[in-house]
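User: Can you walk me through this one? I want the ground rules, then the details.

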Amino acid sequence: MTAAASAETVRPVATTRTRRSRRGRLSGRQQLALQIICLLITATVLFPILWIFSLALDPRNLSRPDSLIPPGASLDAFARVIAQPTSDEIGLLELARNSFLLASSVALFSVGIGVLAAYAFSRLQFRGREVLMIAILGVLMLPAVATIAPLFIMLNGIRLDLPILGHFALRQSLIGVGLAVVSGTLPFAIWNLKGYLDTIPKELEEAAAVDGCSRNQSFFKIVLPLATPALAVTGFLGFVAGWTEFYFVSIFLNDPSQGFTLSLALNKMVGAFGQTPWSDFAAFSILFAAPVSIVFFFFQKYIVGGLAVG
């Protein structure tokens, strides 16, 4: 009797699950339509990439490729760019070094300062907390172009005298450019990290306090390890912001010795009256975008996941 009753109880449950699974399945036409839509989206995304690769391989220096694999395709454009990217006396490796220094500095400062501010907003209650959060949000909504003039005047008035670099204005260096970029990336870092820290249970820190941990110890030993995905995402986005920065570099720096970057060198290849070397320009664009694209390709799951949680 017991076995028969249990069998009769299991059958309705199995029948209900079967009906639900059938309802969740798509018909053949729906699957075909979704596949076609996905293929169209993929083609739309890949078309510009194929376009730029075709330009880089075309020795005829055309502004528009007439075929996917151009006649006489070669890698000569990449060789020319690596040897001498622009008319300025600065090599590709030095440009890449300056871009890497700028991007890594922006990422480190954004994450380092942002996680401290985010922790204060997430865990502490102090006077003016809401006002400061709204002010940071207001700065985040401000376009970066609107801050160029005030930052130019402010940084140009600060003079430094360093043993190695000598006497110079802060505006005329990668240090000044980095500070300007950090002023734009820091509000995003604070808000993104605060959203993630809010998801970490406070009970973990309370349990650590019972065991004798101070607030600093719980922050470094509990909160930071748990916030590693958000820190990685924020650092990566800060690195991308510094790597692709153009506005501040082009306006603040006047000489290659001050620290020209890849983005500025790429813009200098655009000539007037149709004199742009499009093959070299396309090859330079691929070399410029390749490092960040490769990193994003391998870590996209963590990046998207961290942004979604934050």
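Analyst: Ring pairs come up soon, so here is the rule: rings of Phe, Tyr and Trp (its six-membered ring) pair if their centres lie within 6.5 Å, and planes under 30 degrees apart count as stacked, over 60 as edge-to-face and the rest as tilted. This is a predicted model, where local features need pLDDT of at least 70, side-chain atom pairs count only at pLDDT 80 or more, and totals for chains, interfaces and linings use all residues. Residues are numbered from 1 along each chain as its sequence is written, and side-chain values use heavy atoms, with hydrogens and water left out.

User: How many aromatic pairs by that rule?

Analyst: The count is 12 aromatic pairs. Take W243 and F288: their ring centres are 6.1 Å apart and their planes at 15 degrees, so they are stacked. The pair joins distant parts of the chain, with W243 in helix α10 and F288 in helix α13, 45 residues apart.

User: Are W243 and F288 buried or exposed?

Analyst: Buried means under 20% relative accessible area, exposed over 50%, partly exposed in between (1.4 Å probe, protein chains only). W243 is at 6%, so it counts as buried. F288 is buried too, at 12%.

User: What about α10 itself, how many residues?

Analyst: Helices (H or I, at least four residues) and strands (E, at least two) are DSSP runs, numbered from the N terminus. Helix α10 covers residues 228-243, which is 16 residues. From first C-alpha to last, α10 reaches 22 Å, close to the 22 Å expected at 1.5 Å a residue. That expected span is 1.5 Å times one less than the number of residues. Buried residues of α10 include A230, L231, V233, F236 and W243.

User: And the overall fold numbers?

Analyst: The protein has 13 helices and two strands. Of its 310 residues, 34% count as buried. The accessible surface is about 19100 Å², and 68% of that belongs to carbon and sulfur atoms (Shrake-Rupley method, 1.4 Å probe).

User: Which residues touch the most other members of the largest nonpolar core?

Analyst: A nonpolar core is a set of buried Ala, Val, Leu, Ile, Met, Phe, Trp, Tyr and Cys residues joined through side-chain atoms within 4.5 Å. The largest has 46 residues, and L95, V177, F248, F252, L262 and F284 touch the most other members. Helix α13 (residues 278-309) gives the largest share, eight residues. A second, separate core has 14 residues, among them Y196 and L224.

User: What does V177 touch?

Analyst: Contact means heavy atoms within 4.5 Å. Not counting residues up to four places away in sequence, V177 touches L102, F248, V249, F252 and L253.

User: Switching to T261. Where is it?

Analyst: T261 lies in the loop between α11 (247-252) and α12 (262-268). T261 is buried, with a relative accessible area of 2%. Beyond four places in sequence, its contacts include L95, L102, L174 and V249.

User: And L62, where is that?

Analyst: L62 is in the loop between α2 (28-57) and α3 (76-83). It counts as partly exposed at 27% relative accessibility. L62 and S279 are 217 residues apart in sequence, yet 7.4 Å apart in space, C-alpha to C-alpha.
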